[in-house]
Amino acid sequence: MSDNTTAAKVSIWKQFPGAFWCANVMEIFERMGWYGFYAVSSLYLTGAVTDGGLGLSSEDRGVIQGLATFFLYLFPAVFGALADRYGFKRMFLASCLVMIPGYLMLGVPTGFWGFLMVYFLVAVGHGMFKPVVISTVAKATNEKTGSMGFGIFYMMVNVGGFFGPIVAGVVRGWDWQYVFYASAAWIVLMGLIALLFYKEPPRDDEAESRRSLGEVFAGMIAVVGNGRFFLLIVGLLVLLVMGSKWLAPIVYLPAAACWITFNLLADTVLRRNTGEDVFWLLQPMRVGEGRYLVFLVLMAFFWTSFNQIFMTLPEYIRDYADTSDLIRSFTPMASWITGLAQGMGLDTSQWGRAVLEHGQVKPEHLINLNALGIIVGQIAIAYLVRKLAPLTCIIAGSFITVISFLLYLIGQGGWVIVFAILVFSVGEMLASPRSKEYAGRIAPPEKVGMYMGYFYWCVALGNLFGGLLSGSLYQHYGPVERGGVDNTNVMWLIFAGLAMVSVVLLSLYDKWVKAQPKS
């Protein structure tokens with residue numbers, strides 16, 4: 001009794017191994033690299049060429065963001081399996097070797113296709129990193145420390161997500177190339193930490209390291225089901241990805257329905273082939289971890305609406321927001337700071353370029369309040385909800401995001417946008433880290449990397465659909481001068497409706513899971 005009591009009193013901070021803290025520091029720099037550009041990518045892609053942007057349409061911007069980030073979150077399923085086989089540290093270092101040159105080349109292309117190809121390379125590098133860092137956290141925590149551990153990790157995500165855009169917002173006032181250089185520099189620092197300090201968490205060498213590459217990919221497919229079902233999923237993704245740019249919805253959506261129908265009809269014939277020695281293509285479809293796959297599909301709705309804070313909101317703030325109320329509120333503080341600096345002999349004549357653009361607060365600085373809110377509140381919220389079931393937190397967080405989208409209907413002033421972003425942050429703090437915890441708890445110990453890689457499939461779908469919806473809806477409901485009808489309230493109602501769909505479906509899923517017999 002006394003030993004258990006003593007163990008319970010051990011500080012939770014001391015219950016995490018060194019690998020946990022090292023992974024969190026690397027996550028900060030990786031997020032600084034990614035969000036340093038991603039937070040301003042809408043502005044760069046649609047910005048005027050005379051201002052250093054690419055001058056693309058909102059629709060093309062949505063396609064680029066949707067496709068690149070779709071593959072970024074699709075690749076972790078593969079790289080997570082490879083990390084389980086070859087080791088986490090090797091995958092960390094390999095990801096750096098891909099990301100660094102990718103960021104350095106990102107400022108070279110001047111058109112849609114060239115930029116998409118280089119951004120795709122960046123996405124591959126981040127896709128290599130993601131399953132390894134989240135797997136390290138999953139392996140370094142348990143059911144007792146999981147809520148706090150994933151809360152800490154998510155706070156670190158937002159530390160990087162906060163400081164990266166601040167630096168990018170400052171340096172882009174001089175030249176967009178500095179944004180790309182800064183992102184590459186953060187990845188260099190991340191690689192040095194992995195090389196010098198990272199030690200892998202305990203691994204089951206017999207179950208992981210000695211598996212052949214074929215066994216690794218066979219296990220990866222087994223999570224989904226079998227080869228036939230995996231082919232169905234891959235075919236659907238290809239149709240959706242290819243159709244999003246080159247085909248009209250009236251063409252690729254019926255094609256996707258036909259692909260599903262064809263596979264279901266084929267299964268009525270192939271049900272006779274039940275032997276293990278039957279060629280995989282002639283086997284009937286089999287679903288793997290059904291509960292996990294349903295969860296991933298439902299979370300895709302959440303991520304579709306979630307991504308609008310980075311995809312749609314920057315353009316909305318640039319084109320519609322009147323931040324003069326914020327400027328008036330902070331003018332006395334800004335005057336005091338610049339006066340202090342001038343008293344020290346510093347030239348402050350160009351300082352405004354770091355914060356303001358065309359007389360308004362830069363969009364990235366407002367969006368950055370999302371990360372700041374999470375940095376300030378994540379640990380407290382993780383502690384308060386530590387005893388609640390992960391699904392309960394996910395549903396509550398999703399509902400709060402609905403409220404945040406509806407707040408944009410109130411007005412377009414700076415303080416309204418600030419409040420909406422901070423409310424959104426509360427929902428994110430409840431839903432996002434607990435969804436990763438839930439996914440990690442389902443995974444068998446020897447397949448944590450693979451399962452966490454598959455978790456990002458729901459994020460991938462959310463980015464794909466989020467990007468396509470963002471581009472098409474803003475193109476239609478946005479400013480008249482960009483070809484829209486100037487009615488963004490309808491757009492925000494649509495995004496709120498999508499978030500509400502996730503609330504309803506996750507609630508039904510929660511009841512279904514609770515009704516399942518305990519194994």
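The model is predicted: local features need pLDDT of at least 70, side-chain atom pairs count only at pLDDT 80 or more, and totals for chains, interfaces and linings use all residues. Residues are numbered from 1 along each chain as its sequence is written, and side-chain values use heavy atoms, with hydrogens and water left out.

The secondary structure consists of 20 helices and 2 strands, taken as DSSP runs numbered from the N terminus (helices: H or I, at least four residues; strands: E, at least two). Of the 519 residues, 55% are buried; buried means under 20% relative accessible area, exposed over 50%, and partly exposed in between (1.4 Å probe, protein chains only). Among contacts (heavy atoms within 4.5 Å) between residues at least 6 apart in sequence, 82% join residues at least 24 apart.

Gly169 illustrates such an arrangement. This residue lies in helix 7 (residues 146-171) and is buried, with a relative accessible area of 0%. Its C-alpha atom is separated by 8.9 Å from that of Pro363, 194 residues apart along the chain. Leaving aside residues up to four places away in sequence, Gly169 touches Arg353, Ala354, Lys362, Glu364 and His365.

Helix 8 (residues 177-196) has 20 residues and should span 28 Å at 1.5 Å a residue, which agrees with the 29 Å between its end C-alpha atoms; the expected span is 1.5 Å times one less than the number of residues. Its buried residues, including Phe180, Trp186 and Met190, pack against helix 2 (18-46), helix 5 (88-105), helix 6 (112-139) and helix 7.

A search of the whole structure finds 42 aromatic pairs. Rings of Phe, Tyr and Trp (its six-membered ring) pair if their centres lie within 6.5 Å; planes under 30 degrees apart count as stacked, over 60 as edge-to-face and the rest as tilted. The ring centres of Phe115 and Tyr119 are 5.4 Å apart and the planes stand at 40 degrees, so this pair is tilted. Phe115 and Tyr119 are 4 residues apart in helix 6, about one helical turn. Phe115 is buried at 0% relative accessibility, and Tyr119 is buried at 1%. Tyr509 and Trp512 also form a tilted pair, 5.8 Å centre to centre with 50 degrees between the planes. Here Tyr509 is buried, with a relative accessible area of 3%, whereas Trp512 is partly exposed at 37%.
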